[in-house]
Amino acid sequence: MVPLPPPPPPHEGGAATMADAYARMSGRVGVVSVHQGPGLTNALTGLTEAAKSRTPLIVLAGEATEVRSNFHIDQAALATAVGAVAMRVGSPEEAVSRAAEAYRVAVEERRTVLLNLPLDVQAAPFEGPVDVPVAAAGEPAAAAAGSSATPPAGPSVAELGELARLLGAAERPVFIAGRGARHARRELEELAGRAGALLATSAVAKGLFRGSPWDLDVSGGFATPLAAELIRGADLIVAWGCALNMWTTRHGTLVSPGAKVVKVDLDPAAFTAHVPADLGVAGDVARVAQALAARVAPRPGYRSPEVAARVRAEGRWRDVPYEDESGGGRIDPRTLSIGLDDLLPRERIVAIDSGNFMGYPSMFVDVPDEGGFCFTQAFQSIGLGLATAIGAAIARPDRLPVAALGDGGALMGIAELETVVRLGLPMVIVVYDDEAYGAEVHHFGPHGHPLGTVTFPPADLAAIARGHGCAAVTVGGPGDLAGVAEWVDGPRDRPLLVHAKVTAEHGSWWLEEAFKGH
């Protein structure tokens, strides 16, 4: 008997984000089906996030081609405008081959594909073969408007030789691994060990090197003071499947003026994006690293006993001293996050919404590996966090799902609480409630702008969660975390919402860093 798919979520935007997160965390293509017209426009923010993240995702959308239909819009233009690949099934005869081509583009080119299914074509009889033609799955994607060129076959001998030379000459090399390197931990650690390189990641690859004594964790705005110092001190930065955008480099300030920059990527367009590379190496990260290992003689590089001792002592944000600002019925978000990190099972998968709060759960709530962190932030839309956590939970049912949300994002996506309950997910949903859109408060407040439109009256989010069928606890101080411990120790037969009333006197450290570029 074929198992039925899970029932649909209440909003297409949530469905698209769930499919995106599922694809990221399962390693399989995500598929989401939506209604023509408004079904697609409702899904558009999730579709945009997936397209910007190069998530292998297929959106099946009905299409009203009759211009007088109230459902008619230019769906292909809509998809192209947000960076997705638009395709269409033009006749029953080509239905199989076009579906196969959409799958090929999603998989081989790591693209989000909109496959439009015109209503008249859906209603027409199909009398052709149902087998997928061999050529259909492998033919060039020229017919797919907006699709990129075929990925490069591999690096040239000259590129490998030059990168080996740079690694052999570097005294302080640092590897920064991104989304395109999440499959290559073993190869990168072996090469880094020979070159004496320290290891860091972009935010989306957090956890990739967890357990290594040379793991600096995340580079960029989330970086610890030690990580920022050591990355800034590098004389060679090699970006593996990572474009080194402004967030990963703190607007370029983590790359010292004298440092050489190398980028290894399947997409040559990455070589000139953001921080331009002195050397671009086209190819799969794992294969390039493996090919280089035999070319690089072992050397200490950046790996001294002194650096190792500092990484042990200062390598995580919870190791950085701070003054606990909890009081008056509110809990410091650092104290909250450390407390949750201590209480929740280690085998977890953490999904993060966007906002002022996001650095606290991202950096203080640890993950066991790169499969434990789902970060839908390419479009920086708030409100995607809960749907992200649902998709990640379905992809990894072996781990405790943890959704970290701000109060603004939680209220935007709150309809998905019903989905969590209906699916029976033992999820922990943490709402960092500062009664505001915190990023706007801390960006515009210091300049004297009125904040009435970005601050909220108090809301009993715990009561709202109980109304959806969740267990809930309100946390206004460290002692209130005992309620979380009780849920962890209990049957976990209902999801838990943690309504955390957090302090809000100033913006988070990463937000202050980000504002320097505005």
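**Figure 1. Phenylalanine 456 in the predicted model is partly exposed.** The structure shown here is a predicted model. Phenylalanine 456 has a relative accessible area of 22%. Because buried means under 20% relative accessible area and exposed means over 50%, a residue in between is called partly exposed. Tyrosine 437, with 28% relative accessibility, also counts as partly exposed.

**Figure 2. Tyrosine 437 and phenylalanine 456 form an edge-to-face aromatic pair.** The ring centres of tyrosine 437 and phenylalanine 456 lie 4.9 Å apart, and the angle between the two planes is 85°. The pair links distant parts of the chain, as its two residues are 19 residues apart. Tyrosine 437 belongs to the loop between strand 14 (428–433) and helix 19 (438–444). Phenylalanine 456 belongs to the loop between helix 19 and helix 20 (461–468).

**Figure 3. Phenylalanine 373 and phenylalanine 375 form a stacked pair.** A search of the whole structure finds six aromatic pairs. In the pair formed by phenylalanine 373 and phenylalanine 375, the ring centres are 5.4 Å apart and the planes meet at 20°. Planes under 30 degrees apart count as stacked, and the pair is therefore given that name. Phenylalanine 373 has a relative accessibility of 1% and so counts as buried. Phenylalanine 375, at 8% relative accessibility, likewise counts as buried.

**Figure 4. Three phenylalanine rings are joined in a cluster.** Ring pairs link Phe222, Phe373 and Phe375.

Figure 5. The secondary structure comprises 22 helices and 16 strands. Along its principal axes, the C-alpha trace spans about 70 × 65 × 50 Å. A compact globule of 518 residues would have a radius of gyration near 24 Å, and the protein agrees with this expectation because its own value is 24 Å. Of the 518 residues, 54% are buried. Among contacts with a separation of 6 or more, 76% are between residues 24 or more positions apart.

**Figure 6. The surface and the charged side chains of the protein are summarised.** The protein exposes about 21,300 Å², of which carbon and sulfur atoms supply 57%. There are 43 positive and 59 negative side chains. The centres of these two sets of charges lie 6 Å apart.

Key. Residues are numbered from 1 along each chain as its sequence is written. This is a predicted model: local features need pLDDT of at least 70, side-chain atom pairs count only at pLDDT 80 or more; totals for chains, interfaces and linings use all residues. Side-chain values use heavy atoms; hydrogens and water are left out. Helices (H or I, at least four residues) and strands (E, at least two) are DSSP runs, numbered from the N terminus. The radius of gyration is taken over C-alpha atoms; the globule rule is 2.2 Å times the number of residues to the power 0.38. Buried means under 20% relative accessible area, exposed over 50%, partly exposed in between (1.4 Å probe, protein chains only). Contact means heavy atoms within 4.5 Å. Accessible areas come from the Shrake-Rupley method with a 1.4 Å probe; for residues, only the protein chains shown count as cover. Lys and Arg count as positive and Asp and Glu as negative; His and the chain ends are not counted. The place of a charge is taken as NZ of Lys, CZ of Arg, CG of Asp or CD of Glu. Rings of Phe, Tyr and Trp (its six-membered ring) pair if their centres lie within 6.5 Å; planes under 30 degrees apart count as stacked, over 60 as edge-to-face and the rest as tilted.
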